[in-house]
Amino acid sequence: MHVDPRTIVITGASDGIGAAAARELTARGHRVVLVGRSPEKTRALAAELGAPFHLADYAELDQVRRLAAELAAAYPRIDVLANNAGGIMGDRTITVDGYEKTFQVNHLAGFLLTTLLLPTLVASDATVIQTSSRAARAFGRFDIEDLQNEKAYSPHVAYGNGKLANILFTRELDRRYADEGISTAAFHPGIVGSNFASDTTHPMRFVYHTPLIKNLFTTSSSKGAEQLVWLAEGQPGTTWERGEYYEKQKVVASSAHARDDGLARRLWDESEQMVA
Ligand SMILES: NC(=O)c1ccc[n+]([C@@H]2O[C@H](COP(=O)([O-])OP(=O)(O)OC[C@H]3O[C@@H](n4cnc5c(N)ncnc54)[C@H](OP(=O)(O)O)[C@@H]3O)[C@@H](O)[C@H]2O)c1
């Protein structure tokens, strides 16, 4: 299927799934805009692909605000925003903004970037993609009264909650902005042997960073990027359904929390207040 070249902004593009998606989408003729945290890694990929790049550490919301201003000024049209940056963290850490780091990096920063870019995204009839995870269902316990994971913190539960927030954000973005032309979806990329879990103290680290176990249980970043590429190149409403969560290119219900529209609304309202 021929797809006209699109302007595709990918966050977390310096490594893993984001970098693999950037390579594939560039090879398919799209204009890919890289967003990374590490200046060295992001610059190196930008040089390899001949792509523009921007930098922001999501652990500081002012960097996200600067990033949004840079993107809005540089790209009058953004066809796809892939909110892919994220990961599992170590001990409970509070960011300079006062929020728990897993929550901020996996959800709040992407929420802020997307909402700041809404004028451009609406004008572009854009697709907004969230890289979520099956961890939302496996570990997410989601207590809207405890978004900062203060009660009994553990890295995997905080991560599951962050990935659940990605699905709830997808539903609510669809409810609020589908009529204005925004199409949105979340997906689980598989168990991908990327740089994921390199910062955590959680035992999950051993699955991803012990060579023998990694070879047995994980797939490649390019395999993990396949659904991102499929969503980015697709025709929303035709090749995929708006507002849904995907695994292996099929709509999956995820958990009861993930289907709770009231929760999705509350998360949006709370997030809006946090970034105000
Ligand atoms: N790997 C898996 O099995 C798996 C499964 C389900 C979902 N996912 C999700 O897939 C997405 C991509 O993960 P991956 O597997 O490709 O892992 P990765 O190789 O560790 O890549 C993560 C990307 O996110 C960026 N990032 C991390 N912390 C950041 C911060 N504070 N500010 C800005 N950017 C930050 C990283 O930047 P640096 O290069 O600077 O670290 C990197 O570009 C994540 O959202 C993850 O939760 C992964």
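**Exercise 1. At what angle do the axes of α7 and helix α12 cross, and within what distance do they come?**

This is a predicted model. A packed pair of helices is described by two values, the angle between the axes and the distance between them.

Step 1. The axes of α7 and α12 (residues 261-275) come within 9 Å.
Step 2. They cross at roughly 95°.
Step 3. Angles of 65 to 115 degrees count as roughly perpendicular. Therefore α7 and α12 are roughly perpendicular to each other.
Step 4. Now find the residues that make the contact. On α7 they are Ala165, Leu168, Phe169, Arg171 and Glu172. On α12 they are Asp261, Leu263, Ala264, Arg265, Leu267 and Trp268.

**Exercise 2. Describe the overall build of the protein chain.**

Step 1. Count the elements: the protein chain has 12 helices and 8 strands.
Step 2. Take the extent. The C-alpha trace spans about 50 × 45 × 35 Å along its principal axes.
Step 3. Compare with a globule. For 276 residues, a compact globule would have a radius of gyration near 19 Å. The protein chain has 17 Å, which agrees.
Step 4. Check burial: 50% of the 276 residues are buried.
Step 5. Look at contacts with a separation of 6 or more. Of these, 72% link residues 24 or more positions apart.

**Exercise 3. In what order do the strands of the open sheet lie?**

Step 1. The open sheet has 8 strands, in the order β3-β2-β1-β4-β5-β6-β7-β8. The pairing is mixed.
Step 2. Find the edges. β3 (53-55) and β8 (250-251) each pair on one side only.
Step 3. Go to β4. β1 and β4 pair in the parallel sense over 3 bridges. Ile10 has Ala82 of β4 as its bridge partner.
Step 4. Take the next pair. β4 and β5 are also parallel, with 4 bridges. Here Leu81 is partnered by Val128 in β5.
Step 5. Move on to β6 (residues 183-188) and β7 (residues 244-247). They run parallel and are joined by 4 bridges. The bridge partner of Phe187 is Tyr246 in β7.

**Exercise 4. Which residues have the most contacts inside the largest nonpolar core?**

Step 1. The largest nonpolar core has 77 residues.
Step 2. Those with the most contacts inside this core are Val9, Ile10, Ala21, Ala22, Leu34 and Ala82.
Step 3. Helix α7 (residues 155-177) gives the most to this core, with 9 residues.
Step 4. Follow Ala21. Leaving out residues up to four places away in sequence, Ala21 touches Ile10, Ala82, Ala225, Leu228 and Val229.

**Exercise 5. Is Ala152 buried or exposed?**

Step 1. Locate Ala152: it is in the loop between α6 (135-139) and α7.
Step 2. Ala152 has 8 C-beta neighbours inside 10 Å.
Step 3. The cut-off for exposed is 12 or fewer. So Ala152 counts as exposed.
Step 4. Ala152 and Arg77 are 75 residues apart along the chain. Their C-alpha atoms are separated by 43 Å.

Conventions. Residues are numbered from 1 along each chain as its sequence is written. This is a predicted model: local features need pLDDT of at least 70, side-chain atom pairs count only at pLDDT 80 or more; totals for chains, interfaces and linings use all residues. A nonpolar core is a set of buried Ala, Val, Leu, Ile, Met, Phe, Trp, Tyr and Cys residues joined through C-beta atoms within 7 Å. A residue is buried if 20 or more other C-beta atoms lie within 10 Å of its own, exposed if 12 or fewer, and partly exposed in between; C-beta atoms are placed from the backbone. Helices (H or I, at least four residues) and strands (E, at least two) are DSSP runs, numbered from the N terminus. Two residues are in contact if their C-beta atoms, placed from the backbone, lie within 7 Å. The radius of gyration is taken over C-alpha atoms; the globule rule is 2.2 Å times the number of residues to the power 0.38. Two strands pair if DSSP finds at least two bridges between them. Axes are lines fitted to C-alpha atoms, for helices over the stretch in contact, and angles run from 0 to 180 degrees between N-to-C directions. Angles under 35 degrees count as roughly parallel, over 145 as roughly antiparallel, 65 to 115 as roughly perpendicular and the rest as oblique.
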